[in-house]
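Subject: Structure for you to look at

Hello,

Here is the structure for you to look through. Some notes on what was found in it follow below.

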Amino acid sequence: MAFPPPLIISPLKQPHKQTFIILHGRGSSAQKFGPTLLATEFDLPSTGAFLSSKLDYTPVDSKEPVPGTCTLPSVFPHAKFIFPTAPRTRATLYKRAKTNQWFDNWILGSQANEREELQAPGLKQTVSYLHGLLKNEIDTCPGGSRNVILWGLSQGCAASLVSLFLWDNGDMDPLGGVVGMCGWLPYTLSIKAEMGLSEERDNKAEEEEDGPFDPFERDAKQEMADDGDDPFERSVGEEQGKELDPVRRAIEWLRTEIELDQSNEQGKARDLAFKQIPVFLGHGVEDGNVSIVLGRTAFSCLQDLGVERAEWKEYEGLGHWYSAEMLSDIVGWIWRETGWKKT
């Protein structure tokens, strides 16, 4: 897949201090989505409303920002906004018609698990592309990774979450955060199954354990033990090791499923960096494209995977889009989680 050049909006003020990488939904583009989002007005939240008992946050300015109408560039005047555009590829759901999409996927049912094989090729390319964008911005943005936020709407949210889970910090600090609006998490049921949280997997395992009696099983095992050559010994040991860390097993399954590059510097164990990255998910209760049930399931999976600072917000009367209230909540969340000041 070829990714078109992203739309880049330079900071209103210098110096450059932060970067937002924001993904549109399926069928849209950077040019359609970005300017509209940046022009959307909302009320500035009071920092006091977003104080966290877990974090010590003191506004850097002598006075708290006064609530009033604003936009994202006015709240973050030193931020660069990068809006990538998804490649134009054939969508199976649209009878193979071409559209801008981060990956191919089928109808999003109650569990979004039908024809999951369609997702892997596009996700592999998109995750690699987004990781490249992130690394480039981390290298150029003052303050590094803590001043970079990944953000997505709908399918852009789904791509952002998968990119989050497969992000490897290396020696860098965690990202500033990940924001998702009206989205979902691909492979949720499979991820939960890999962590041993799926009833279907548990039942299957019990059936296999309680299978029919094999009168030759004991003799075969004893023969292998006598010969000192058990071809399954190593794999069993490896599986036992994996059982000790179900989260790592689930993430490595996801990496393998989309066939992402398995290389890792010096063969070091991956650090599961996503656990330390704050995540905000907001969803319209009236969303008719991506059911709010899928959003709730994605948030539940974040918790299961051990994301330490995840926040979930539901918006009454909102469909498959964002709102002024949601943007206000996101800004307040960013202030709280990053300590970025309004200047």
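**Helix α1**

Buried means under 20% relative accessible area, exposed over 50%, and partly exposed in between (1.4 Å probe, protein chains only). Helices (H or I, at least four residues) and strands (E, at least two) are DSSP runs, numbered from the N terminus.

This is a predicted model: local features need pLDDT of at least 70, side-chain atom pairs count only at pLDDT 80 or more, and totals for chains, interfaces and linings use all residues. Residues are numbered from 1 along each chain as its sequence is written, and side-chain values use heavy atoms, with hydrogens and water left out.

The buried residues of α1 (residues 30-39) are Ala-30, Phe-33, Gly-34, Leu-37 and Leu-38. They lie on the same side of α1 because they cover an arc of only 110° around the axis, the arc being that of the directions from the helix axis to the C-beta atoms. An α-helix has 3.6 residues a turn, so residues three or four places apart point the same way.

**Backbone**

Most residues other than glycine have a negative phi, and most peptide bonds are trans. Which residues are joined by a cis peptide bond? They are Gln-14 and Pro-15, with omega about 5°. Pro-15 sits in the loop between β1 (7-9) and β2 (18-23).

Ser-154 is not a glycine, yet has a positive phi of about 55°. Its loop runs between β8 (148-153) and α4 (155-165), and Ser-154 counts as buried at 9% relative accessibility.

Tyr-187, also not a glycine, has a positive phi of about 65°. Tyr-187 belongs to the loop between β9 (177-181) and α5 (188-194) and is buried, with a relative accessible area of 0%.

Regards
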